[in-house]
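These are my notebook entries on one structure.

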Amino acid sequence: MTIRTMSDEYQIEIPPSFTALYTDVRRRLTVPLRELRARYEVCEDLANHLVDHATTLLFQLGVTEDDVLERCLRGLASEGSGVSPAEAGWIVHRLAELLGWAPLPEPPVSP
C-alpha cells in the first residue's frame, strides 16, 4: 500500500505587492503562509468581482475613473468590509489594473 501525501505546491502566484502587506521590515511574513494565501484569494476575487460594479458606476453616475476608484476604496476601507485598510488599497489598485484605467501609485504597505 502506497501512502500519498498532498503536495504543498500552490499553483497561484501571489504578487510581491500583496505579500508586502504581510511582510515585516526583515521581509518575514507576519502571518502563516496559509493565511496569506487565503487573504490573497479573497482580495483577488473581490477585485475581479468589482470590475462590473466599477464599470456600471462609471456610466450610471457619469463620474471619472478616479472617482469610481475613490468610492470603491472608501467602501472597502470602512469598518465591517471584511478587509483591512491595506488590503482595501491593494484591491482598488488591482481593480484599476484589471480595468486598464490610469495607473495608480503602488498600494500602501502596512508595517
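This is a predicted model: local features need pLDDT of at least 70, side-chain atom pairs count only at pLDDT 80 or more; totals for chains, interfaces and linings use all residues.

Residues are numbered from 1 along each chain as its sequence is written, and side-chain values use heavy atoms, with hydrogens and water left out.

Entry 1. Fold.
I looked up the secondary structure, where helices (H or I, at least four residues) and strands (E, at least two) are DSSP runs numbered from the N terminus. I found four helices and zero strands in the chain. Read from the N terminus, the order of elements is α-α-α-α. Of the 111 residues in the chain, 32% are buried.

Entry 2. Salt bridges.
I took a salt bridge as a side-chain nitrogen of Lys or Arg within 4 Å of a carboxyl oxygen of Asp or Glu. The search of the whole structure returned four salt bridges; I describe several below. Asp 24 and Arg 28 are joined by one of them, with an N to O distance of 3.2 Å. I recorded Arg 28 as partly exposed at 45% relative accessible area, and Asp 24 as partly exposed at 22%.

Entry 3. A linked network.
Which residues are linked in a network of salt bridges? I found Glu 44, Arg 94 and Glu 97 linked in this way. Glu 44 and Arg 94 meet at 3.0 Å, N to O. Glu 44 belongs to helix H2 (residues 33-61) and Arg 94 to helix H4 (residues 85-99), so this pair ties together parts that are 50 residues apart in sequence. Between Arg 94 and Glu 97, the closest N and O atoms are 3.3 Å apart. Glu 97 and Arg 94 are three residues apart in helix H4 and are therefore separated by about one helical turn.
I then checked accessibility across the network. Glu 44 is buried at 13%, Arg 94 is partly exposed at 22%, and Glu 97 is partly exposed at 45%.

Entry 4. Negative patch.
I looked for surface patches, which are made of residues with over 30% relative accessible area and no salt bridge, like charges being joined within 9 Å. Glu 65, Asp 66, Asp 67 and Glu 70 form a patch of negative charge on the surface. Glu 70 is located in helix H3 (residues 65-77), and its relative accessibility of 37% makes it partly exposed.

Entry 5. Cysteines.
How many disulfides does a search of the whole structure find? With a disulfide taken as a pair of cysteine sulfur atoms within 2.5 Å, I found zero.

Entry 6. Asp 52.
Is Asp 52 buried or exposed? I found Asp 52 to be exposed, at 60% relative accessibility. Asp 52 lies in helix H2. Its C-alpha atom is separated by 9.4 Å from that of Leu 99, a residue 47 positions away along the chain.

Methods: Buried means under 20% relative accessible area, exposed over 50%, partly exposed in between (1.4 Å probe, protein chains only). Patches are made of residues with over 30% relative accessible area and no salt bridge: like charges are joined within 9 Å, nonpolar side chains (Val, Leu, Ile, Met, Phe, Trp, Tyr) within 5 Å. Accessible areas come from the Shrake-Rupley method with a 1.4 Å probe; for residues, only the protein chains shown count as cover. Lys and Arg count as positive and Asp and Glu as negative; His and the chain ends are not counted. The place of a charge is taken as NZ of Lys, CZ of Arg, CG of Asp or CD of Glu.
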